[in-house]
Amino acid sequence: MAGERVGLGHGKLLLFGEHSAVYGYPACGLTLSTSLRLRILDNPQNDWQLPDIDDRDCRLLTDFLAVMTPNLPVDCRRPGEIRVDSDIPQGMGFGSSAAWCVAFVRAMLGSEVAVDGIWEAAHRAEAFFHGTPSGIDTGLSVLDGLYAFAPAPPALPGARRLDGFPLHFLIGAAPRAGSTHGLVAGLRERIESGDGDAWGVIERLGKLSAEAIGVLAEGDSANVTELGRLADAAHQELANLGLSTSYVDQLLRLGRESGAVGGKLSGAGGGGAFYLLFKDPETADAAHRSLSAVRTGNGSGEVTLFRFSWVPE
Ligand code: PMV
């Protein structure tokens, strides 16, 4: 349609490496099928309009547009009415702000710009929301697949596509107390004040993530149990840092009792995203039913729960 610019960004699931990635350790994750679609319609007033966005986010996004637009090539700066359609849960650790940045940059720069150019521009845009983003969320949003990342802040991380094997997940998100920025800053403060235990956890998390990347790179589905064991071990470390919640712990425990080979929180923590991994889709479907029944009767707040299987191309 004439006068309409369109961009799409995917959500992501961080599998291993949250927090340790901030200190240079490798991380891995995959692109989710959930996405944010952004359309920019021509606007006769020639200014930005955000009719789908509530007041609080509208102020934030208006500031974002004021900061971002001058950095775009002159012929790509034309403002308009932004319409947003998204099924990525917001503020839960599924990369909704990264998807927003990717979709915006794609719509503004046009489809002829290469993937690396979109990633680079979206990474710069994400700095508006997160200060010093690792680039993993925007990478997974653009690259589409299962990837290992080698952090190189403030530059983009190195990205390596992993063969992987079919991964059957039950993915959830619990109400979140705290932001990524606050949780990362709190941990940094502990480490900088000489908390050796916290640093020990970071080192072990980095090692577990590297091991998981090795398993996924090998691409042998017989190793799914090993991947689950690594997820459990990483979750225990994150919980030791105080990054889990009793509600997430309870859901993970129930998932394991329902046949998961392992599971962990995903992303910064304090509630938010988590996943359980299963050997086959049938067991994952059955666990989805059991956990859905439990969470509705629990009263600990709204929990998003969905099934997702990733299959290599
Ligand atoms: O924003 P989240 O919840 O996806 O967490 C990002 C992962 C961290 O390691 C905590 C931060 C980062 O930039 O790597």
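Five bridges join strand 4 to strand 5 (residues 155-161), and these two strands run antiparallel. Keep in mind as you look around that this is a predicted model.

**Strand 4 and its partners**

- Strand 4 spans residues 146-152 and is mostly covered, with five of its seven residues buried.
- The link from strand 4 to strand 5 is a hairpin that passes through two residues.
- Within this pairing, Y147 stands opposite R161 of strand 5.
- Strand 4 is also joined to strand 2 (residues 27-41), by four bridges, and that pair runs antiparallel.
- If you want a landmark there, take C28, whose bridge partner in strand 4 is A148.
- In a regular strand, the side chains alternate between the two faces of the sheet.

**Helix 3 against helix 4**

- Two packed helices are described by the angle between their axes together with the distance between those axes.
- For helix 3 (residues 115-130) and helix 4 (residues 136-143), the axes come within 9 Å and cross at roughly 145°.
- The crossing of helix 3 and helix 4 is right-handed.
- Helix 3 brings V115, I118, W119, A122, H123 and E126 to the contact, while helix 4 brings D137, T138, G139, V142 and L143.

**Cysteines**

- A disulfide is a covalent bond between the sulfur atoms of two cysteines.
- How many disulfides does the structure hold? The count is zero.
- C76 shows why for its own case: the closest cysteine sulfur, in C101, is 17 Å from the sulfur of C76, which is too far for a bond.
- C76 counts as buried, at 13% relative accessibility.
- C28, the residue bridged to A148, is buried as well, with a relative accessible area of 0%.

**V105 in helix 2**

- V105 is found in helix 2, which covers residues 96-109.
- Is V105 buried or exposed? It counts as buried, because its relative accessibility is 0%.
- Which residues does V105 touch, leaving aside its neighbours within four places in sequence? They are M68, G110, I118, A121 and A122.
- W199 lies 94 residues from V105 along the chain, and the C-alpha atoms of the two are separated by 37 Å.

- H19 is not a glycine, yet its phi is positive, near 70°.
- You will find H19 in the loop between strand 1 (4-16) and strand 2.
- H19 is buried, with a relative accessible area of 4%.
- N46 is another residue that is not a glycine but has a positive phi, of about 55°.
- The place to look for N46 is the loop between strand 2 and helix 1 (55-68).
- N46 counts as partly exposed, because its relative accessibility is 49%.

Definitions and conventions: Residues are numbered from 1 along each chain as its sequence is written. This is a predicted model: local features need pLDDT of at least 70, side-chain atom pairs count only at pLDDT 80 or more; totals for chains, interfaces and linings use all residues. Side-chain values use heavy atoms; hydrogens and water are left out. Axes are lines fitted to C-alpha atoms, for helices over the stretch in contact, and angles run from 0 to 180 degrees between N-to-C directions. A crossing is left-handed if the near helix is turned anticlockwise from the far one by less than a right angle, and right-handed if clockwise. Contact means heavy atoms within 4.5 Å. A disulfide is a pair of cysteine sulfur atoms within 2.5 Å. Buried means under 20% relative accessible area, exposed over 50%, partly exposed in between (1.4 Å probe, protein chains only). Two strands pair if DSSP finds at least two bridges between them.
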